[in-house]
Every structure is written in C-alpha cells, then in structure tokens.
Amino acid sequence: MAVKKNLYTKRESGRAMDEVRPMTAKVGVVPSADGSAIFETGKTKAIAVVRGPRTLHPQHMQNPKNGVLRVNYGMMPFSVEDRIRPGPNRRSEEISKVTEWALSSVVDLSEFPNTVVDVFIQIPQADAGTRVAGINAAAMALAHAGIPMKEMVSAIGVGKIDKSLVVDLDKYEDSLFHDGEGSTDIPMVFTSRTKNLALLQLDGKISIPEFKETIELAKKACEKILVVQMEALKNVNGENGAPKGVPLEGNNG
Amino acid sequence: MERMVHPKVYPWRATMGDFIIPNLQKEKIEEFIAENKRLDGRKSDEYRKLVVKDGISENSASAVSVKFGKTEVLAGVHLALAAPYPDSQDQGTFMTNAELHPMASQQFDMGRPGIESVELARVIDRGIRESGFIDFKGLCIKEGEKVWQVFVDIVTINDDGNLLDVAGLASLIALGRARMPIYNAEEDKVEGYSDKGIPLNKDVLSFSMTFHKIGKKIVVDVSKEEEAVSEFRLTIAVGDNGGEPRITAMQKGKSGVITSEDMETILKLVESKWAEMFPKIKEFVLGK
C-alpha cells in the first residue's frame, strides 16, 4: 500500500509546528482574593483565583496533617458558541480533578493542617487548551497568594494533526480537523525545576516514537511559558499587575 | 485543637458564610457617614469610577466587563433557536442567569445557587423583561414555530458591594452591544453573526440604582462593608420620559423600615443621580 500523503503540512493559523500562540499573563486581577492571575494564549483566556488557607468545613473533611487543595474549573456560559449551562458537568468535574492532582504535586500545605486552599479557574473565552491555560493561571495565582510551593508548573497542549506533530493546538486543530489520521490532543504539565510530568492525558492515535517526540516539544514549550509566568509574578507591583488587595484602577476608583 | 488561620486573612473573614463586621468598624462607618464622609473618601451620594470593557468573549453575541471601583461583573448574551411559549406565539423568549461565583468573594459558596443569586437574577430579569427594552416580537422567526431565545449570563468576578446595580448595568450593556446571529432557514441552523444589533426598544431604557440606609443617612453605590451594616436597601429602576425620570421597577431588601423622611431623601436623590448618570449609561448601552 502506498504511503498516504500528510494532509497537514501547514498550520491553519500560519504558525510553525512548534510555535506557541502569543501569551500574556497578569497577576492581581481579583482584588478581594488571596491570589489571582489571568493567563491568555491566543483567544483562550483563563482566570484563576486562590482563597485560603481557610478552615475547612464540614469538619470531617479536614486533614489534621495537611491542608487540602481543592480545585474548581468551569467555563463561563458565554465562553463558547453554544451556550454552556451554568453549573458543574462531567467534563468540568474531571478537569477540576486532574488539575487538582497536577497542582497538588508541587504545593506544600503541611504547615496548614485542617485548612483548605480553594483554587477557582474560570474560562471567559475558549479556543482550545482551556485546561492548560487554567493550570498556568492557577500556578501563578498560588504563587501570588504566597502558598508554599516546591516548584512552579507550566502546562501546554501538544498533539498530532494527521501526520504532523504540533504544539499548542487551537480549536480548529483540536476539534474541527478530521482528515487523514485526525487529531490527537495531549495536554501535559511539567514541573519547572525537576522537569517531571504532573499531568498527562491523551485522546487520539499516536506511535511510541511520535509520543516521545511530543514530550520533548512540550518540555520546550513549557520553558517558554515559565518565562511568561515568572515575568508576570515579578511585575506584581509594576504595570502588569498589582499587589494583593490593591485595586487596579487605584484607590477610590 | 487550635484553629489555623492564615496570617494574610483577617480572622473574621477566615471562614465562609456571612460577612461579619466588627462593632467597632460598624460604628466607624456610621460615624463617618453621619458627617457625609465614607471610609474610601467618597461623599454619601458619590458613585465609584465606572469602567466598561468590551470583547470579553467573541464566541457569544456579546460579553462585557463592568466595574464600579473594585466590584467587577461579567455579562454575556447568547441567542439560540427555540419554540415560543404557548401564550406568546409571536414573541422571542428571555432568561437571565446569575452566578455569585465563589471566586468573587469569601462569602459565596460552591453548589446550588443561594437566595442571593436567585434574587439578583430575578430582579434583573424582571427589570429588563417588564421595561420592554427587548423587542420580543422582533425576535420571532416563524409564528408558533420558531423564535430566538435570549440568554443573559452574569458572572461575578470580584464583590466589593453593590453587585445588583453593577450586574444590572452589565446586562444592559451586553444586550445593547449584542450582535444578531444569522439564521439559515433552508438548513435550519445558525451561521455566525451579522453586524446588526438585536431588536431593542431603545427609548424605554432604564437602569437601577440601589440606596442603602446606614445610621441616619441614605448612601449610594455601597462598598461591601457598608452593605453589611445597612438597615435596608431600596433598588429603583429609572427610565426616561421626555427628559424626566420615570420609575419602572422597585425592590426593597433587608428588614429595616423606610420612614417618609427616608423616602423623600431617596426620591430627591433619584432625580439628581438620574440626571447625572443617565446620559453616561445611555451612551455605554446604546453608543453615541
């Protein structure tokens, strides 16, 4: 059988195969929170808010040895073309849980027994990659809140579109491309220092050598994302952010 | 066992539930307001800075952010195909949903919408529906069969008081800026958005102002702390009747009672604040 031609040699967005979308990040976007951040990549936007440590109720859920990290991910009703009914659904509950696992791997709440740290992730506008954008924002919000962390985490969606390996899938690549071998979507989260995987999911079809290659692509992309995250955290008092509790528009405004 | 309280969190804010103001702070707020001053430096009838941002999501008919000082609310509009109600076969339908999201405040909890969310959504829903601001007949595609259903979705981002007025205004601005979807009758589906707005009766625009009684004074655009110590609140929606304010909706909240003196003060404030705010708000909602 003749080898079929690769149908995806040029990306629909015009990006290079390993090129991430333009990113912006900012901390301190929700003044009443203990920590907050917004992370935007292309048209995907994620807001993350951290509240706590605060006493966990009901009491039987408390852990006397460790604080509890609790993540809630959700998409705003107007974030996608078909309105999403407000409230939790199976997709958002699963994403909340895998995000919680990813963040728990670097957060150290041993100093805060019986408390909970709540992380709320909300997506105002979606163009694929919302869970990874949410994790990038959440990691920044946790750091902004001063929650002890062993290291940072950065997240990226990589994948395979027909025969091409691509970095940072957008909506076209993630859900509208069905030709040839179709689309494989692999969200990954890497820890910043030890370079370990804190989240891994995969949907599609991919060979082992190709999968190995996507890991390397994701690692490189996460290095770029980490720079954006750290810049925003350093700029907490500058133009691109505000210290906790101070409104962005100045006093009284 | 000793309870852990994060050093950054005030002890009285460390748990979810009611927003508790210590007596000392309550007295201070009332004392200040008696002298026509407020903790943030405003006068009792002074609004915070109003900031409107568009383009929060391009995947919906519109989505905007509205801030009064530190209070921020997002509102988005979606239009979907639906069947009309049996008693109004030639009219579109409308639904408002509000989520007091726990990210916005220490006091909001996850789970089923509480009475605050329900009241907020209902007051805003009634205000828009009953004012006739949306031209429901203009949303009819085929009488008795197909109409547009309009959704307004409100998400609170940060609560620093007066959510009702901010969310109400955000809803109006989102409706004012919503794009009409394109309906393909042959294939019976929606194909993107046109440049046109949705059908509105622009001359009946009204917006709400909430007045709180704190100590002996009536205060507008309250902060979260002020909201927690007030005796009652009165929300009044006011529209334009040939250059004169015309009341279109009211809702009293909390257990304090309104004296006739209070009412006189409030109605005077309605006149002066309406004259000051209405042109600004009209421009935000309907453009220049």
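Two strands count as paired if DSSP finds at least two bridges between them. The model is predicted.

User: In what order do the five strands of the open sheet in chain A stand?
Analyst: Five strands of chain A form an open sheet. Their pairing is mixed. The order is β1-β2-β3-β5-β4.

User: Which strands of chain A stand at the edges of this sheet?
Analyst: An edge strand here has a single partner strand, so one side is left without a neighbour in the sheet.

User: Which residue of β3(A) is the bridge partner of A:F39?
Analyst: Strand β2 (residues 35-41) of chain A runs antiparallel to strand β3 (residues 44-55) of chain A. Seven bridges join them. In β3(A), the partner of A:F39 is A:A46.

User: Which strands of chain A does helix α4 touch?
Analyst: Helix α4 (residues 208-234) of chain A packs on the sheet. Its direction makes about 30° with that of β1(A). The strands touched by α4 of chain A are β1 and β2.

User: How are α3(B) and α5(B) oriented to each other?
Analyst: Helix α3 (residues 163-176) and helix α5 (residues 260-286), both of chain B, pack with their axes 7 Å apart. The angle is about 45°. Angles under 35 degrees would count as roughly parallel, and 65 to 115 as roughly perpendicular. The two helices are therefore oblique.

User: How many nonpolar residues does the contact of α3(B) with α5(B) have?
Analyst: α3(B) contributes B:L169, B:L172, B:I173 and B:G176. α5(B) contributes B:I281, B:F284, B:V285 and B:L286. One residue of the contact is polar and none is charged. The nonpolar residues number seven.

Key
Residues are numbered from 1 along each chain as its sequence is written. Chains are lettered from A and ligands numbered from 1 in the order in which they are written. This is a predicted model: local features need pLDDT of at least 70, side-chain atom pairs count only at pLDDT 80 or more; totals for chains, interfaces and linings use all residues. Axes are lines fitted to C-alpha atoms, for helices over the stretch in contact, and angles run from 0 to 180 degrees between N-to-C directions. Helices (H or I, at least four residues) and strands (E, at least two) are DSSP runs, numbered from the N terminus. Angles under 35 degrees count as roughly parallel, over 145 as roughly antiparallel, 65 to 115 as roughly perpendicular and the rest as oblique. Two residues are in contact if their C-beta atoms, placed from the backbone, lie within 7 Å. Ala, Val, Leu, Ile, Met, Phe, Trp, Tyr, Cys and Pro count as nonpolar, Asp, Glu, Lys and Arg as charged, and the others, Gly among them, as polar.
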